[in-house]
Amino acid sequence: MNLETIIYIIFAGIIALLLALFQYFKKGKNRSKLDLFFSFLRFVTLFSVLLLIINPSFEQIELSIEKPSLVIAVDNSSSIKHLKQEDKTLEFVKRLKNNTELQEKFNVNIFTFGNQLREGDSIDFTDKQTNVHDAFKALSQIYKNSNAPTVLLTDGNQTYGSDYQFVTNSYKQSIYPIILGDTISYTDLKIQQLNVNRYAYLKNEFPIETILVYNGSERVASTFVVYQGNQKVYSKPLNFSKQDNSKIIHFTLPANKIGVSAYRAEIKPIENEKNIINNIQNFAVEVINEKTNVAIVSDFPHPDLGALKKSIENNEQRSVSIVGVKEFVSKVNDFQLIILYQPNSKFKPVLENLKTLKKNYFTVVGTKTDLHFINNSNLGYRVDITNQKEDYQGVLNTNYSPFYIDDMGFESFPPLLSNYGGVQISQPIDVVLNKSVQNVTTNDPLLFTFEAEGRRQGVLLGENIWQWRAHSFLENQSFHEFDNFIGKFVQYLASNKKKSRLNIDFQSFYNGNSHVIIKAEVFDKNYVFDTREVLHITVKNKGSKAEKTFPLILKNNHYEVDLSGLEPAEYEFSLSTKNDKITKTGSFQILEYHVEQQFLNANAEKLEQLARNSSGTSYFINNANGIIKELLEDKRYVSVQKSSKNTIPLIDWKYLLGIIALSLSVEWFLRKYNGLI
């Protein structure tokens, strides 16, 4: 409380006292004996009211003891069970959790990780993948400003994600790895990697690359075989030794049948081989009958051309050619979809050919586009000509109905450069993205599609889409999301199928270690996304004929179901809506692959390096008792006394209002009782 406030309080006390004395002692000789008490009550009332007006503040200091956190991160992947370490792991976690000395010194928090980090001690060793790096990345956000030594129980075998041994650059805690498993070297043959394209074309041959690895000291002989069903389609004898311990095999197989063809690659096990699961790997190829050829017609070079080509060709079913106007006119029949990049008057023969042949096309309008040519070409829309430029960001229209679009966070993407002004459209359109200027969404479209005269067209009113692809990579460390968006857009424009009220997004086959996610969109009769519908999918195993029905969950602007719990097999499904009775069918295959069972040993070397990098200590599970003593004796992990200072204004002190009410009530009651009122 400062000096000025104290002076105000003193003046308030003087004023309250003078007013109280003046009211009860102005009568002179006729004063009552109770006047002195009444004066005191009135003084209390007036002084309290004046204090509320002044409203002084008081500082309150609270002391608290904050214990360090002990983080116990447990690998919940199936590799722990495969290495027969599950019982030891559960017993050790229980020992840490129930240790009273640790509980007194630390706040003990248990997490599990596999595909993702989860809080709690529900440990069942069923996760199909392990990402240690992402687990530490999530923990670094939770314990960013805390002292939290971390006990990591894992075999150190990571199936995907960044290298975790250098995670200490972002995770500033001491890490104590408890190594689950041993480092004994076993004789082993395995398929280290198998590379094959997802798609192949009918009556062609598709290439396969296989990397085979031998771990042992003796000379051994084996055979690498590929089966399609029970039929052997490729075979090669191999010899390995300690020096010659790896082989790379290249071969091709014929694509003779449209659809998904499943194969099994196998290297025959040698005598006394401990792990034969990693000797087998299943793979599949989808054979298609045609390839979509896309032409990008441009009169000048631009980074957008390369970005569009890369995105479209990410799907091996599509091929892109960047051509000039004259070259395109001579090859117009070679393409199923045409992209007109910033057309000008030279594009007149191109548009004439497209109208004559009724081909679908996609137009990119930018700052170098001849808007007079666009407006005079009767394309179904006209662009305002202002000779000014503007940056526009995109806002996803969640009611876009022709096909399903994932929200990639378009509002955070770099703005596209475009012509300032609106667009006049003379026919119904489906808006994909609306324009946004300085976080204000407008009614003008940035990206839209429409159908006219039996053709599908798309229009993008902005250039520099290459920046979107680069931004997507920076955010996700992959081009997949952006390329998938462009791929769906191209697939829609290249097709002339009628609009459907029920759209399903799924793959023809899934690897056994990946999530089996099926997404669906359902629209009402006005093609507005229907959030009230109830969707169910019935999945039938083609081999066992067993059927299961699952509900789809509404997630933002789509419905979704996770079928990752299904066993590897071929399936057919029927997806239907409850209210409108719309049904669609399809099929997919789940390939058998146990990535967590490919390991024979713990990765002790990497875990020991992680401990050194973080100033921690590594232990093997059989000799891990010393970690409790080390944690208890380490002087870095001590409780910290913290003080917090709170400033409390007097007006928040509710008892003062009670004092005012009490003094007024007592004064009134006594005056009434003595006949003074």
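**Salt bridges, loops and an open sheet**

Reader: Is Asp530 buried or exposed?

Author: Asp530 is buried, with a relative accessible area of 8%. Buried means under 20% relative accessible area, exposed means over 50%, and partly exposed lies in between, with a 1.4 Å probe and protein chains only.

Reader: What kind of model is this, and how are residues numbered?

Author: This is a predicted model, in which local features need pLDDT of at least 70 and side-chain atom pairs count only at pLDDT 80 or more, while totals for chains, interfaces and linings use all residues. Residues are numbered from 1 along each chain as its sequence is written, and side-chain values use heavy atoms, with hydrogens and water left out.

Reader: Back to Asp530: which side chain does it meet in a salt bridge?

Author: The side chain of Asp530 meets that of Arg532, at 3.5 Å from N to O. A salt bridge here is a side-chain nitrogen of Lys or Arg within 4 Å of a carboxyl oxygen of Asp or Glu. Arg532 counts as exposed, at 67% relative accessibility.

Reader: How many salt bridges are there by that rule?

Author: The count comes to 20. One of them joins Lys247 and Asp244 at 2.7 Å, N to O. Lys247 is partly exposed at 21%, and Asp244 is also partly exposed, at 33%.

Reader: And what is the partner of Glu560?

Author: Glu560 forms a salt bridge with Lys555, and the closest N and O atoms are 3.3 Å apart. Glu560 is buried, with a relative accessible area of 15%, whereas Lys555 counts as partly exposed at 39%.

Reader: Which residues are linked in a network of salt bridges?

Author: The network links Asp406, Lys488, Asp505 and Lys519.

Reader: New topic. Where is Gln173 placed?

Author: Gln173 is in the loop between strand E5 (150-154) and strand E6 (175-179). Strands (E, at least two residues) and helices (H or I, at least four) are DSSP runs, numbered from the N terminus. Gln173 is buried, with a relative accessible area of 8%.

Reader: Which backbone atoms does the side chain of Gln173 reach?

Author: The side chain of Gln173 reaches the backbone oxygen of Tyr143 at 3.1 Å and the backbone nitrogen of Ala148 at 2.8 Å. Leaving aside neighbours within four places in sequence, the residues in contact with Gln173 (heavy atoms within 4.5 Å) include Ser146, Asn147 and Ser614.

Reader: What about phi of Gln342 and of Lys581?

Author: Phi of Gln342 is near 50°, a positive value in a residue other than glycine. Phi of Lys581 is near 55°, again positive in a residue other than glycine. Gln342 lies in the loop between strand E17 (337-341) and helix H9 (348-357), and Lys581 in the loop between strand E33 (570-577) and strand E34 (583-590).

Reader: Are those two buried or exposed?

Author: Gln342 counts as buried, at 0% relative accessibility, whereas Lys581 counts as exposed, at 64%.

Reader: You mentioned E33 and E34. What is the strand order in their open sheet?

Author: The open sheet has five strands in the order E27-E34-E33-E29-E30, with mixed pairing. Strand E27 (509-510) and strand E30 (547-551) stand at the edges with a single partner strand each, so one side of each has no neighbour in the sheet. Two strands pair if DSSP finds at least two bridges between them.

Reader: In which sense do E27 and E34 pair?

Author: E27 and E34 pair in the parallel sense, over two bridges. The bridge partner of Tyr510 in E34 is Ile590.

Technical notes:
Polar contact = N/O pair within 3.5 Å; in protein donor to acceptor, adjacent residues only side chain to side chain.
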